[in-house]
Amino acid sequence: MSELPTAEQVRAALAEHADPADARHLQRFFKTGPGEYGDGDVFLGVRVPVSRRVAKGFTALPLDQVDELLDSPVHEERLVALFVLGAKFATASKPRTRDDKAREETVDRYLAAVCRGRVNNWDLVDSSAEYILGAWLLDKDRTLLFELAHQDSLWERRVALLSTFAFIRAGDASTTLALAEELLDDHRDLIQKALGWMLREVGKKVDPALLTGFLDANAREMGRTALSYATEHLDKEQRAAYRAMR
């Protein structure tokens, strides 16, 4: 029997692609300065497509080794760990070989990482929430998302919102709209952008009338960023009318 891969092997694979110039760029792009949302995050300078390729070679990584990467100070190591978790969940969810125990274990590891602050930048959230937590909750009670949305953490709130993308793709906008009402007063930029993005997707992928109905009721209370994102794909006249309400 071949030995299972390790977190150290993942680190070595990523290190082969490290680029100091890219690392400096990424640390600026992801706002890692003092007091910024990514304060203290460390980058190797590995681009996302390369991180995805690395992750594909380590889908057999044991969950304890995934946790080791999730607790790393290095951004790309956490990202690869999340890609691996997503791949594990997708494999365990295949209809012919569905493994509900493996699915639940994967989600538990993901939620634990979220709650201990390891899914802590927007790309980490956006690369994982929909594909793990959202997919898991498609046919389940979604109270957990409202619990996350009531936390002070920017990242837990964004996980709640981005998880609903799985529901939107399945034609269900109910949870997205309910969470959006809960988070209207959160004017942090990354919540505003996520809120407007998910509302826009409701209009594009589920029903434009659901979006405009929400905007009719709430546009006056929405932040400008959320409103701008939400109305991007409306016609010029509608877009101007809603933005004028703010």
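The structure is a predicted model, in which local features require pLDDT of at least 70 and side-chain atom pairs count only at pLDDT 80 or more, while totals for chains, interfaces and linings use all residues. Residues are numbered from 1 along each chain as its sequence is written, and side-chain values use heavy atoms, with hydrogens and water left out.

The protein contains 16 helices and 0 strands (DSSP runs numbered from the N terminus, with helices being H or I of at least four residues and strands E of at least two). Its C-alpha atoms occupy a box of roughly 60 × 45 × 30 Å along the principal axes. Of the 246 residues, 50% are buried (under 20% relative accessible area, with a 1.4 Å probe and protein chains only). Among contacts (heavy atoms within 4.5 Å) between residues at least 6 apart in sequence, 68% join residues at least 24 apart.

Helix H14 spans residues 208–218, and its buried residues are Leu211, Thr212, Phe214, Leu215 and Asn218. These residues lie on the same side of H14 because they cover an arc of only 155 degrees around the axis (from the directions between the helix axis and the C-beta atoms). The buried residues of H14 pack against helices H12 (174–182), H13 (189–205), H15 (224–230) and H16 (236–244).
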